[in-house]
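Thanks for coming. Please have a look at the structure first.

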Amino acid sequence: RVMARAKPRPVVIDGDVVRLPAGDQWALVDLADLAIVEGVCWFVGKHGYVVRNIRRDDGTWGQIRLHCLVMESKDIDHKDRDPLNCRRSNLRPANMAEQVRNRTKRADSSSPYKGVRRNGRSRSWYAQVVCDRKRHYLGSFRTAEEAARAYDEAARRLHGEFAATNVDLGLLPEDLSK
């Protein structure tokens, strides 16, 4: 029995931005990249990235990520942490350590903030940031918000442009007193 191949939905062009169908969602690419991405079925894979299936030279099947195809590299980071936004202005070269620095807060965290944990014994909060596999303890704080601000300051200093701070993630309001 022959199964019909799904026909890709048409792209939507808005100026220099292309909305590319990816399953039931839409990915963004630049108009200049339309020729290399159109005409195939893209979908959102199990890790949240836009992917398509490819047959390797050895006959096995694999996947290629849209942002890797656009940038012709595997070491790519989404500046805004949105895996559907594959416009070149949102993509940058990044090694694995830099990509990890740009991640959001862990879902299984006991704290509402990135880099902050509760000390169960003293009921205080402490902050830490990891850089180059080294854990930097930032101190113990009376409130989670104080610890989060300490994390943000250290993350900006240690991670530079790859820092994903609590303010950037919308977990903490901007401190306007600075």
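Strands here are DSSP runs of E of at least two residues, numbered from the N terminus, and two strands pair if DSSP finds at least two bridges between them. This is a predicted model, in which local features need pLDDT of at least 70, side-chain atom pairs count only at pLDDT 80 or more, and totals for chains, interfaces and linings use all residues. Residues are numbered from 1 along each chain as its sequence is written, and side-chain values use heavy atoms, with hydrogens and water left out.

Start with the open sheet β1-β2-β3, three strands in that order with antiparallel pairing. β1 (12–14) and β3 (25–30) each have a single partner strand, so one side of each has no neighbour in the sheet. Three bridges connect β1 with β2, residues 17–22. In β2, R19 stands opposite V12.

Another open sheet has the order β4-β5-β6, and its three strands also pair antiparallel. Its edge strands are β4 (43–44) and β6 (61–65), each pairing on one side only. β4 is joined by two bridges to β5, residues 50–55. There, V50 is the bridge partner of V44.

Methods:
Helices (H or I, at least four residues) and strands (E, at least two) are DSSP runs, numbered from the N terminus.
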